[in-house]
Amino acid sequence: MIRQLLNDEAGFIVSAELVLVATILVLGLIVGLSQVQYAVVEELNDVAHAIGALNQSFYYTGFTAEKASGALKSGTYGSTFHDAIDECDANCTAIACDSPVAECAGPF
C-alpha cells in the first residue's frame, strides 16, 4: 500500500497547475488593489479640495431699538469673519518619501 502511494502521481500536475494559477491570481490581485488604492486616494483628494474651496466667510448686521424718548433701549453689534487663504488651501498633497538616512548618522 505504501509503494502504491509513493508511485501514485495522479494529482501532481493538477497541484502544480493550481499553484501557478493561484500565484498569477494573487499577483494580479495585488496590482489591482494597488490601483484601487490610488483611485480612492485621488477621489478623496478631490473631495478635500472641494471642501477647502467653500467660502466660509460670513457676516450679520446688528440692530438697535429706541425708547419713545429717542434714547437707546437696546442694541447688538454685527459681526464678520473672512476666511483667509491658508498655506494648504491650494494643493497640499505633495507627499513624497525622504531619502534614506543611516541610523547612526549622528556624531555619537
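User: What share of the 108 residues in the protein chain is buried?

Analyst: Buried residues make up 1% of them. Buried means under 20% relative accessible area, exposed means over 50%, and partly exposed is in between, with a 1.4 Å probe and protein chains only. This is a predicted model: local features need pLDDT of at least 70, side-chain atom pairs count only at pLDDT 80 or more, and totals for chains, interfaces and linings use all residues. Residues are numbered from 1 along each chain as its sequence is written, and side-chain values use heavy atoms, with hydrogens and water left out.

User: What is the confidence in the protein chain?

Analyst: Its mean pLDDT is 78, and 73% of its residues reach 70 or more. The pLDDT is the predictor's confidence in each residue, from 0 to 100. Strand 1 (residues 58-60) has the lowest confidence, at a mean of 80, and strand 2 the highest, at 88.

User: Which elements does the protein chain have?

Analyst: There are 2 helices and 4 strands. From the N terminus on, they run α-α-β-β-β-β. Helices (H or I, at least four residues) and strands (E, at least two) are DSSP runs, numbered from the N terminus.

User: Why is leucine 44 called exposed?

Analyst: Its relative accessibility is 54%. Exposed starts over 50%, so leucine 44 counts as exposed. Leucine 44 lies in helix 2 (residues 12-52).

User: What makes the nonpolar surface patch that includes Leu44?

Analyst: Leu29, Leu33, Val36, Val40 and Leu44 make it, with about 480 Å². Patch residues have over 30% relative accessible area and no salt bridge; like charges are joined within 9 Å, nonpolar side chains (Val, Leu, Ile, Met, Phe, Trp, Tyr) within 5 Å. A salt bridge is a side-chain nitrogen of Lys or Arg within 4 Å of a carboxyl oxygen of Asp or Glu. Accessible areas come from the Shrake-Rupley method with a 1.4 Å probe; for residues, only the protein chains shown count as cover.

User: How do you know that strand 2 and strand 3 pair?

Analyst: Two strands pair if DSSP finds at least two bridges between them. Here 4 bridges join strand 2 (residues 63-66) to strand 3 (residues 72-76), so they pair. They run antiparallel. Threonine 64 stands opposite glycine 75 in strand 3. The two strands form a hairpin with 5 residues between them. In the turn, glycine 70 has a positive phi of about 100°.

User: Why is alanine 71 called partly exposed, but leucine 72 exposed?

Analyst: Alanine 71 has a relative accessible area of 35%. That lies between 20% and 50%, so the term is partly exposed. Leucine 72 has 58% relative accessibility, so leucine 72 counts as exposed.

User: What does each of them touch?

Analyst: Contact means heavy atoms within 4.5 Å. Not counting residues up to four places away in sequence, alanine 71 touches Ala65 and Glu66. With such neighbours left aside, leucine 72 is in contact with Thr64, Ala65, Glu66 and Lys67.
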